[in-house]
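Biologist: I'd like to go through this one with you, a chain at a time. Could you bring it up on the screen?

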Amino acid sequence: MIRMGLKDELQQEVAGQAQDRMTLSVGPHHPATHGVLRLVLELEGETIVKATPEHGFLHTGIEKTAEHLTWQQAITVLDRMDYLSPLSNNLGYSLAVEKLLGIEVPPKAVWTRVLLAELQRISSHLVYFGTGGMDVGAMTPIFLAFDIREMILDIFEEVAGSRLHQSYFRIGGLQQDLPANFNEIMRNFIKKFPERLEELKNLILENPIFIDRTKGIGKLSPEEAIAHGLTGPNLRASGVPYDVRKAFPYCDYDKFDFEVPIGKNGDCYDRMVVRMREIEESFKIVQQAFEGMPEGPFRCEDRKISLPPKAEVKQSMEALIHHFKLVSYGFDVPPGEVYQAVESARGEFAVYVVSMGTNKPWRVRVRPPSFYAVHALPAMLKNCQIADMVVVIAAADPVFGEVDR
Amino acid sequence: MSKGPGWAALEELRREVIPEILKAFPEGVRELPTPFEIPQLQAEPGQIRPLAQWLKARGFNMLLDLSAVDYYPHRQGDGRFEVVYHFFAWPQLWKLRVRVPVGGERPEVDSLSDLWPNANPAEREVWDQFGIRFRGHPNLTRILNPDDFEGHPLRKDFPLRGHRDLITDIPLAERNPYQPIKE
């Protein structure tokens, strides 16, 4: 299949532009684009006059696939969207479906969700600092950051059985109970983490080269950031203290004591500082959630929604029927539509779920925070130097699994 | 229910702003009852642009999300699709959902890309996935699928698998009748 090639497209664009301008196509296979992003830059000398993002190279039809899976199965494909923070995706979707079903999740499940979602935020921001460091030419941060992230992934492995795509939050609670050694591994993590983070923090935020490369680059005013639909750390770096956890608390977030860090200038440096302080705030929440972890069941007791314990299945007829029914057919969800937002590592991750009363979702629309961040790149890149382009992309933190879905 | 400023703001929105909207648009906009927190309105396709302009002037400065839902085969003909808008007002913390039923042979609705810059990519995505056109959009091209993709995958009559043959005996040169072969 031969389509209008890149060459023709570029020729068309070049034909309509001023004499002293140059069009440069960056990507899609560029190591600094954090996935596959193509940027068509219009340059005047080394200054970017106009940037046009093009994406879709990772499009896998996740929303379509989810419509063909049962409610519980759809969690597994939603994991694959924002692959740096899959638990936030799980959380948003589970909360939306639970709202439609009208079920209450036991407190232990709620607090575990908070704990793990915050750990996930830390691990996602650590990747951000690691790869962001590489983008400005520093090789060391990635080793430090991935070393810390490794501890978090080990916790995920102990808890959920897998390190990256956990699918641990299920509709009605959690997939399985916390492991017996959970307290031990968490205490170990809480003891080691602050010191290791301090090392990374000093290396990045107090490094003069880092500051020179990021300060005053890619500025966005609060009005612009709001108009472009930016959320999360990118919006807060511009000085707008909007955080879904504070404004529309879900999962008992109103019971935790944490602050919402904001920036002043809305440049790349502020985006990094906000994320670093967010790691510290998340760590505070992790500690509180670990210390106050309630006892009790880890998923709701409604046998029409969550699986019965295996021991019961071997003894009881009803339990066996429930098990069979849940595994083969799933459950029906009452008709309706709900918009559930959660604060993921990238911003307001929201799921708009439509149910028609069947055992499969009618529509799962995901509001991808990094989709809007990618389309705010032209505004950030305007009048930047071409050498700073990589920094701007890195600081905006797009994840292309989520942009393209 | 957790306590938070946003939930109280949504109550305020329901109490104060929704009656204002219904008064300003007596024809073509109505409130849809919902058991959940975010209030929702239904607007006729012709009303969405004036409504959006009104909302923007009233403080809704962020277009949170723009997407669509296909209700085929439950609804056919004129109301087959619904374009769903989520508006957000900072710092009032109002969230409002507006649902616009569209349909027919050539579903079309007015574009909002001059009001909010992020409507531009979101509308491109809806065009790509559902084939709903946006009147007045500056650059309505595919965004996720390749430019030569046939069909609109999130439509309910688009199959999950096998929308085209993987193995065919038609020679390569004749396979794609939509675009002449270049080079």
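Biologist: How many helices and strands are there in chain B?
Modeller: Keep in mind that this is a predicted model, where local features need pLDDT of at least 70, side-chain atom pairs count only at pLDDT 80 or more, and totals for chains, interfaces and linings use all residues. Residues are numbered from 1 along each chain as its sequence is written, while chains are lettered from A and ligands numbered from 1 in the order in which they are written. Helices (H or I, at least four residues) and strands (E, at least two) are DSSP runs, numbered from the N terminus. Along the sequence chain B reads α-β-β-α-β-β-β-β-α-β-α, and the tally is four helices and seven strands.

Biologist: What share of the residues in chain B is buried?
Modeller: Buried takes 20 or more other C-beta atoms within 10 Å of a residue's own, exposed takes 12 or fewer, and partly exposed is in between, with C-beta atoms placed from the backbone. The C-alpha trace of chain B spans about 65 × 35 × 35 Å along its principal axes. Of its 183 residues, the buried ones make up 36%.

Biologist: Over to chain A: why is strand β6 largely enclosed?
Modeller: Strand β6(A) covers residues 336–344. It's largely enclosed by the rest of the structure because the buried ones number eight of the nine residues.

Biologist: Which residue is the bridge partner of A:Val342?
Modeller: Strands pair if DSSP finds at least two bridges between them. β6(A) runs antiparallel to β7(A), residues 347–355, with nine bridges joining them, and a hairpin links the two through two residues. Within β7(A), the partner of A:Val342 is A:Phe349.

Biologist: Which strands stand at the edges of the open three-stranded sheet in chain A?
Modeller: The sheet has the order β1-β2-β3, with antiparallel pairing. Each edge strand has a single partner, so one side of each is left without a neighbour in the sheet; they are β1 (21–26) and β3 (47–54).

Biologist: And which residue in β2(A) does A:Thr23 stand opposite?
Modeller: β1(A) and β2(A), residues 38–44, pair in the antiparallel sense over six bridges. Opposite A:Thr23 stands A:Glu42.

Biologist: Last one: how many residues does the contact take from each chain?
Modeller: Contact here is C-beta atoms, placed from the backbone, within 7 Å. Elements giving two or more residues to chain A's side include β6, β7 and α15 (369–381). The count is 37 residues from chain A and 38 residues from chain B.

Conventions: Two residues are in contact if their C-beta atoms, placed from the backbone, lie within 7 Å.
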